[in-house]
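Biologist: Before we talk, could you put the structure up, so that I can follow the terms you use for it?

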Amino acid sequence: MRKYSIFAVAREAMRGHKGWPQQWTSPEPKKQYDVIIVGAGGHGLGAAYYLAKQHGITNVAVVEKGWLGGGNTGRNTTIIRSNYLYDESAALYNHAMKMWDGLSQDLNYNVMYSARGVMMLAHNVHDVQGAQRHIHANRLNGVQNEWLTPEQAKEYCPPLNISKTARYPVMGAALQRCGGNARHDAVAWGYARGAANRGVDIIQNCAVTGIRRAANGAVEGVETTRGFIGAKKVGVVAAGHSSVLMEMAGVQMPLESYPLQALVSEPVKPIFPCVVMSNTVHAYISQSDKGELVIGAGTDQYTSYSQTGGLHILTHTLDAICEMFPIFSRMKMLRSWGGIVDVTPDRSPILAKTPVPGLYVNCGWGTGGFKATPGSAHVFAHTIANDAPHPINAPFTLERFRTGRLIDEAAAAAVAH
Amino acid sequence: MLQIYCPYCKEERPELEFRHAGEAHIARPADMKSISDEEFEGYFFIRSNPKGIAFERWRHVHGCGRFFNAARDTVSDKFITTYEAGEPKPDAAELAAKSGEADK
Ligand SMILES: Cc1cc2nc3c(=O)[nH]c(=O)nc-3n(C[C@H](O)[C@H](O)[C@H](O)COP(=O)(O)OP(=O)(O)OC[C@H]3O[C@@H](n4cnc5c(N)ncnc54)[C@H](O)[C@@H]3O)c2cc1C
Ligand SMILES: [Zn+2]
């Protein structure tokens, strides 16, 4: 692998940038692998990377029906934070948070992680109580989170409207300073390059159409649009399509898939210094390094695989954005898009072994899994390599919906996160 | 925005008048305390979440207020049919054929 550095950039600048090698290749699938990962999003590519790097398992294929990073990884609003309520979630998301710091160095790829702070607004008494409960719980778990008065919130984010007569008055905010953003594509590309250079085959434009099982029930490999590919271990990391893939192995999932949309404005000079989320009015906003305002909306109410979603969901979000940040009321929106998010009943992910020997699943991240990408990939690789979970993902089983041992972030947040 | 035909009002109305109410034709166990954990999981948490024809409940909240069922294609988001609560579940294969014809 050619190392990226300032010297490499300087050398290539003199040669007209003709000497950059391909970041990854597009190999023909082999007949047999040790592990097949289905889905080349950040979580899947990352799992392949850690399998190769930390567990020495390099005979791995990542099979992707479209192009790598073209799923929710390339469609999300890139908000990174770890201030979840329950101990299990705090451990999982904070594991990822620690990995973001240093991920660019580890991958030798600039993922542009920017700890600009994530501020979550409280608009009513219920919000205030909920935010403060989170802050106290987070502190006990060693997770950063602090309370800001409306004036402090305004100081941290000057475009914010804190007028008492505002449609959505700001009664305070919870701030996680280490939260922020990263470049979503770079996360997928960095993991893809790191994995490919350690021997992982990334096979794009190859949809998995079936999961083949032996007479004893164990996994034998996957049927794909490019033929059968064998492997004794298969990890499904297919986000919105997890139910469809698990059904191929005869496993029914506690998941529902919903459209989730986002949009960006025309690019402008730096105006917005942090990330602001308002769960109550379903609006999330930050500014990309290109200058676009990146705005996230809520989910549609119905299940769907259409990757679109209703226009009224976006206009509702923009109404709220204009109320909270009147300065943006004349900005033009450039484009909008949708992704399909897989939602569990307790809004916590499933990162686990399954009833099928050799079949593993990493799903249920719903509207908020980008932030967890490095941590999730890391513990999932551990789970596959050892056929046993890492202590951090041990509670995130599929069986919890039978035992009742839920990790109920849904009840804790009462909204999408 | 979806346009939804309410089988009670016998009128197509915009989605904003309706509330999606989850998967249809899931019967609540009659004797909840006698069922196993596995059965409870199946009833309460497991969802078919199909890519294709989904059977789902809708409620005309800002209209007649009543619950009804619908068959909708989750890839195109098109409604194939809506029908009154309590009516039997239509045959998915027949519906698929019907919606294919409608597209032609
Ligand atoms: C609009 C939007 C905004 C979001 N905002 C945030 C946010 O601000 N912060 C945050 O933390 N999270 C956010 N999320 C959620 C986040 O994007 C996801 O949780 C995360 O990216 C999931 O990553 P993944 O690698 O599991 O899935 P994906 O990136 O979706 O990868 C799954 C891959 O599986 C492939 N696949 C599916 N079926 C098959 C098949 N049969 N064969 C082969 N391949 C298949 C897909 O093509 C896809 O590439 C947002 C999501 C959306 C849609
Ligand atoms: Zn009606």
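This is a predicted model: local features need pLDDT of at least 70, side-chain atom pairs count only at pLDDT 80 or more; totals for chains, interfaces and linings use all residues.

Biologist: What makes helix 2 of chain A oblique to helix 10 of chain A?

Modeller: Helix 2, residues 42-55, and helix 10, residues 373-386, pack at an angle of about 55°, with their axes 7 Å apart. Angles under 35 degrees count as roughly parallel and those from 65 to 115 as roughly perpendicular, so the pair falls among the rest and is called oblique. The crossing of these two helices is right-handed.

Biologist: How do you know which residues of the two helices meet?

Modeller: Two residues are in contact if their C-beta atoms, placed from the backbone, lie within 7 Å. On the side of helix 2 of chain A the residues that meet helix 10 of chain A include A:Gly42, A:Gly46, A:Tyr50 and A:Gln54, while on the side of helix 10 they include A:Pro374, A:Ala377, A:Phe380 and A:Ile384. By class, the residues of this contact are 10 nonpolar, eight polar and no charged.

Biologist: Why is chain A described as having two domains?

Modeller: The division comes from an automatic or database domain assignment, which gives domain 1 as 31-78 + 184-254 + 346-413 and domain 2 as 118-177 + 257-343. The centres of the two domains, taken over C-alpha atoms, are separated by 29 Å, and 15 residues of domain 1 are in contact with 15 residues of domain 2. On the side of domain 1 that touches domain 2 there are three nonpolar, 10 polar and two charged residues.

Biologist: Which residues come nearest to ligand 1, and what makes a residue part of the shell around it?

Modeller: A residue belongs there if its C-beta atom, placed from the backbone, lies within 6 Å of the ligand. There are 39 residues around ligand 1, of which A:Gly39, A:Gly41, A:Gly71, A:Gly339 and A:Gly369 come nearest.

Biologist: How many residues of chain A are in contact with chain B?

Modeller: In chain A 20 residues are in contact with 19 residues of chain B. Helix 8, strand 10, helix 9 and helix 11 of chain A each give two or more residues to that side, which has nine nonpolar, nine polar and two charged residues.

Key: Residues are numbered from 1 along each chain as its sequence is written. Chains are lettered from A and ligands numbered from 1 in the order in which they are written. Axes are lines fitted to C-alpha atoms, for helices over the stretch in contact, and angles run from 0 to 180 degrees between N-to-C directions. Helices (H or I, at least four residues) and strands (E, at least two) are DSSP runs, numbered from the N terminus. Angles under 35 degrees count as roughly parallel, over 145 as roughly antiparallel, 65 to 115 as roughly perpendicular and the rest as oblique. A crossing is left-handed if the near helix is turned anticlockwise from the far one by less than a right angle, and right-handed if clockwise. Ala, Val, Leu, Ile, Met, Phe, Trp, Tyr, Cys and Pro count as nonpolar, Asp, Glu, Lys and Arg as charged, and the others, Gly among them, as polar.
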